[in-house]
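The points are grouped by topic.

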Amino acid sequence: MLTRFIAWLDDLLADEGSPAIVKAVLGILSFAVLLGALLGNTAVKAGALVAALLVLLSAGLVLLSDRRATLHRLEVHQQLVSRYTKLASDGEPLEYRVFDWDESLTVAPNGDTRRRLTIRAQVVTDDLWAVRLVHGCGWPQPAKYRRRVAVVARRLLAEGVPGPKMSTTSAWTTEGRFVLIVHFRSAVPRGSSFGVVVECDWPGMCVPLMRDRSPDDFVLRFRTPVEHVRYLVALPQGLDAYVEPLGFTAGDDGFELVRAVDGSGHPLFGVESSAVPLHKDIGMRIEVKRKGVLP
C-alpha cells in the first residue's frame with residue numbers, strides 16, 4: 001500500500017510541482033489537528049500530530065531514496081550512450097567535414113562561463129545521426145558545479161536562423177571532460193549540409209583564472225577536417241590579459257591571434273585559423289591582469 005501511495009504522490013508532485021507539496025502537508029497536519037480536537041485529549045492531539053509528521057517524514061525519505069536511484073540509473077544510461085557513440089564514431093571513417101567552427105566564451109567575474117558554439121558542416125558518410133562534442137575544464141570541478149551545467153542545442157535552418165531544440169545526451173568522463181551528444185531527429189544523408197548551434201551555461205568553469213589569477217589554457221582539438229575556426233574568449237570589463245599562442249606561433253601562415261573589444265566593452269582574446277591541424281591542440285594560454293598593468 002505504501003509503495004502505491006508513494007507512486008501516486010510522486011506522479012502528483014511531478015504534475016503539480018511545489019504547491020502540491022505545501023497543500024499536502026497542510027492537509028495532513030490539519031486532519032491530524034482536527035482529529036485531536038474531536039477527541040479532546042491533549043496527549044491524543046500531540047500523538048496524532050507526531051504520527052502525521054512521521055508519516056510525512058517516511059514518505060519523504062522513500063521519495064528521496066527513489067529519486068537518487070533514478071538519477072543514478074540515468075547517469076549510467078548517459079555514460080553508456082556516450083561510450084557507444086564514441087565507439088561507433090571511432091570505428092567509422094570520416095563522418096562530416098566542418099566548413100566553419102565559431103566558438104565564443106563569455107567569462108563572468110566569478111568564473112561562471114557561457115559558451116556558444118556554431119558549427120556548419122557537410123556529411124561525407126551515410127546517415128549521420130548525432131554529433132559528439134567533448135569539452136574540457138581547466139580544473140577538477142566538484143560535483144556541485146557539474147550538476148548545474150545547462151546545455152541547449154538547436155538546428156540551424158537554411159537561412160541560418162536557430163530552430164527548435166534538439167535532443168541531447170551528456171556525461172562526464174573520469175578525466176573531468178564534459179561529453180555532449182547532439183541527436184538529429186532523422187538521419188542527415190550523405191552530401192547534405194547542416195548547422196548546429198549549442199549554448200552552454202557552465203558555472204565555475206574559469207574559477208582559477210578569475211579568482212586565483214592562474215593562467216588557463218583555452219584549446220581546441222579536431223579529429224575531423226575543419227576549413228575555418230574562430231575561437232574567442234571575452235573577459236569582464238576593466239580587465240586585460242597576457243596571451244600566449246598554443247600550437248602555433250604568432251605570424252604563422254593561416255593563423256591570427258585576435259585582440260579586440262566587443263560592443264559591450266568586454267576585452268576579446270582569441271585565435272582564428274584557416275590552416276587547422278588534426279589531432280593537435282591549438283589555442284591560447286591566458287592570464288588575467290588589470291587594465292593598464294605593465295608586463
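Does arginine 230 count as buried, partly exposed or exposed? At 31% relative accessibility, arginine 230 counts as partly exposed, where buried means under 20% relative accessible area, exposed over 50%, and partly exposed in between (1.4 Å probe, protein chains only). This is a predicted model, in which local features need pLDDT of at least 70 and side-chain atom pairs count only at pLDDT 80 or more, while totals for chains, interfaces and linings use all residues. Residues are numbered from 1 along each chain as its sequence is written, and side-chain values use heavy atoms, with hydrogens and water left out.

**Salt bridges**

- The structure holds 11 salt bridges, a salt bridge being a side-chain nitrogen of Lys or Arg within 4 Å of a carboxyl oxygen of Asp or Glu.
- One of them joins arginine 230 to glutamate 272, with the closest N and O atoms 4.0 Å apart. Arginine 230 lies in strand β10 and glutamate 272 in strand β13, so this pair ties together parts that are 42 residues apart in sequence. Strands (E, at least two residues) are DSSP runs, as are helices (H or I, at least four residues), and they are numbered from the N terminus. Glutamate 272 is partly exposed, at a relative accessible area of 24%.
- Aspartate 281 and arginine 221 meet through their side chains in a salt bridge of 3.0 Å, N to O. This pair links distant parts of the chain, 60 residues apart: aspartate 281 is in the loop between β13 (267-273) and β14 (282-290), and arginine 221 is in the loop between β9 (216-220) and β10 (229-234). Aspartate 281 is partly exposed at 33%, whereas arginine 221 counts as exposed at 53% relative accessibility.
- Arginine 211 forms a salt bridge with aspartate 212, and their closest N and O atoms are 3.1 Å apart. Arginine 211 counts as exposed at 58% relative accessibility, and aspartate 212 as partly exposed at 42%.
- A network of salt bridges links Arg114, Arg116, Glu199 and Asp201.

**Aromatic pairs**

- Eight aromatic pairs are found in a search of the whole structure. Rings of Phe, Tyr and Trp (its six-membered ring) pair if their centres lie within 6.5 Å; planes under 30 degrees apart count as stacked, over 60 as edge-to-face and the rest as tilted.
- Tryptophan 101 and phenylalanine 222 form an edge-to-face pair, at 4.9 Å centre to centre with 80° between the planes. Tryptophan 101 is in strand β1 (residues 96-107) and phenylalanine 222 in the loop between β9 and β10, so that the pair links distant parts of the chain, 121 residues apart. Both tryptophan 101 and phenylalanine 222 are buried.
- The rings of phenylalanine 248 and phenylalanine 255 are stacked, because their centres are 4.6 Å apart and their planes stand at 10°. Phenylalanine 248 counts as buried at 8% relative accessibility, and phenylalanine 255 is buried at 16%.
- Tyr96, Phe184 and Phe194 are linked by ring pairs into a cluster.

**Surroundings of tyrosine 96**

- Tyrosine 96 is found in strand β1 and is buried, with a relative accessible area of 10%.
- Not counting residues up to four places away in sequence, tyrosine 96 touches Ala121, Gln122, Val123, Val124, Leu128, Val131, Phe194 and Thr224; contact means heavy atoms within 4.5 Å.

**Cysteines**

- The count comes to zero disulfides, under the rule that a disulfide is a pair of cysteine sulfur atoms within 2.5 Å.
- The sulfur of cysteine 137 is 7.0 Å from the closest cysteine sulfur, in cysteine 206, which is too far for a bond. Cysteine 206 counts as buried, at 0% relative accessibility.

**Three-stranded sheet**

- An open sheet of three strands runs in the order β3-β7-β6, with antiparallel pairing; two strands pair if DSSP finds at least two bridges between them.
- β3 (128-135) and β6 (167-172) stand at the edges with a single partner strand each, so one side of each is left without a neighbour in the sheet.
- β6 is joined by six bridges to strand β7 (residues 178-188), and the two run antiparallel. Alanine 171 stands opposite valine 179 in β7.
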